[in-house]
Amino acid sequence: MTNLDPEIVEPVDDLLRALPGLKVLHSLDEREAHRWDRALDPNAGLPMAVVLPHTTEQVQQVVRYAGARGIPIVPRGAGSGLSGGASAVEGGIVVSMAEMTHVEIDPVTRMAFVEPGVINVDLKAAAAAVGLWYPPDPASIGFSSIGGNVATNAGGLCCVKYGVTTDYVLGLTVVLADGTAVDLGGPRLKEAAGLSLTKLFVGSEGTLGIITRIVLRLVPQPPPSATMVATFADLDASCRAVLAVASSTRASMLEFMDNVAINAVEDIHGYGLDRTAQAMLIAQSDQPGEAATREIEAIAAVCRDLGAEEVLVTADVELGETYTAARRGAIPAVETKGRLLLGDVGVPVPELGALVTGIAAISDARDVIISVIAHAGDGNTHPLVVFDPDDADQAARAEVAYGEVMDLAIRLGGTITGEHGVGRTKKAWLPGYVGEDVLRLNRTIKDALDPMGLLNPGAIL
Ligand SMILES: Cc1cc2nc3c(=O)[nH]c(=O)nc-3n(C[C@H](O)[C@H](O)[C@H](O)COP(=O)(O)OP(=O)(O)OC[C@H]3O[C@@H](n4cnc5c(N)ncnc54)[C@H](O)[C@@H]3O)c2cc1C
């Protein structure tokens, strides 16, 4: 054993002895590397060990081992989560699914049989090889796992037309807190037998069980997209355009970036975006043939009518992909400006303008930068509160602003999280959002499935 904290030698020795076939990481560097996800939760603990199972049976063994000793477990996909859901717990075991990466595609039934560690983009590539498509496309497609996507019910850019992760989940194998492995749902397009338990585990953020196998529905590849980019000098006008586009077309993408995000992306990539624009909308249409051009022109007309300053329309797929890449790169680009508190609030689309302008008012009042990017067609925004962690006063104001944004969304009939999950960073706002009765129902389900509270303790509840 190298670089090992003497305090954990004994428990790790016990783990290695008890589960001899299991891959275990236990050096200090390896444990540190699994302490945080992308939310960088300051309260994350140092795990005792990181295990990398290769089979459902090995996951069962780990869960039984931990259960018998009262050791907390944190399931982990690729650690790209933005809510601290995969933050490690002090002295716990991180169960990383990174080496369960088998994918099987059945082109006849249009289904994928996937282990949870498969990276989203690798599943898309495997499906594309037989002319099929797995739609959900979080901006983290290149580095988030399907298990993590299912456990957070991930959304993304094409979800405005094609729905979110849960809409593609047909079946799951889940290891429960007592070590039992259950198959829920399966390779069937319809299922009405018993309670809808498969969906209970979608979005459960590792608090109810560990997902070890996933059956997903695939669809035919869509036609190539036509793209529109419109810039606005006025935030509210851009949000009115979003509502008008969402209610009159079936855009396959409708994304928003504000001035801070545009400039942060420009600073890094230099795509030639308009640095003076207050807002930029990126829309796509993937209707077949000429219909895509007609739909994208209709979207462009709506934007011009509502005051867009510059409007670009293109059927060039590569050029369209550049704008999509700019949007996908927005969070990492803003991340270079300081530490982030990452919001994920969503509102009914007619309230998007009130949310975006309300966030700007919070930013002014608290004197902190809040950059807004959004899956605008879904009403799902990502307000990124930027702060300097070495400036205690600014960090405190950022924290207040982060909470005020969630309070604002709730007042507008929205949600505290549209796709990133509650994790640890948003759980203080969950009671206020769902109310006492629903919170109790959440606790009842958690207590029934995990009476010792060992699965991802401290996440969600
Ligand atoms: C730049 C950037 C852009 C992003 N864009 C989007 C976006 O557009 N849409 C979106 O939805 N998200 C987005 N995210 C957030 C993140 O990528 C998603 O939440 C993703 O689904 C997390 O997957 P992961 O494999 O990294 O999971 P992790 O971060 O490792 O885990 C996330 C949660 O799932 C649980 N979990 C993971 N695997 C399992 C399993 N097998 N069984 C049970 N529980 C499990 C963990 O305990 C944790 O609670 C973005 C993140 C970044 C950094």
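I took the domain bounds here from an automatic or database domain assignment. The model is predicted, so I note the rules: local features need pLDDT of at least 70, side-chain atom pairs count only at pLDDT 80 or more, and totals for chains, interfaces and linings use all residues. Residues are numbered from 1 along each chain as its sequence is written, and side-chain values use heavy atoms, without hydrogens and water.

Entry one, position. I found that domain 1 (6-96) and domain 2 (103-220) both give residues to the ligand shell, so the ligand lies between them.

Entry two, shell. I looked up 38 residues around the ligand, taking a residue as near if one of its heavy atoms lies within 4 Å. Pro 75, Ser 80, Gly 81, Ser 140 and Ser 145 are the closest. α5 gives the most, five residues. I took helices (H or I, at least four residues) and strands (E, at least two) as DSSP runs, numbered from the N terminus.

I used pairs of N or O atoms within 3.5 Å. A backbone N or O atom of Pro 75 is 2.6 Å from a ligand oxygen. For Ala 78, also through a backbone N or O atom, I read 2.8 Å to a ligand oxygen. The side chain of Thr 152 places an N or O atom 2.9 Å from a ligand oxygen.

The protein covers 99% of the 980 Å² of accessible area that the ligand has on its own. That area comes from the Shrake-Rupley method with a 1.4 Å probe.

How values were computed: A polar contact is a pair of N or O atoms within 3.5 Å; within protein, one must be able to donate a hydrogen and the other to accept it, and residues adjacent in sequence count only if both atoms are side-chain atoms.
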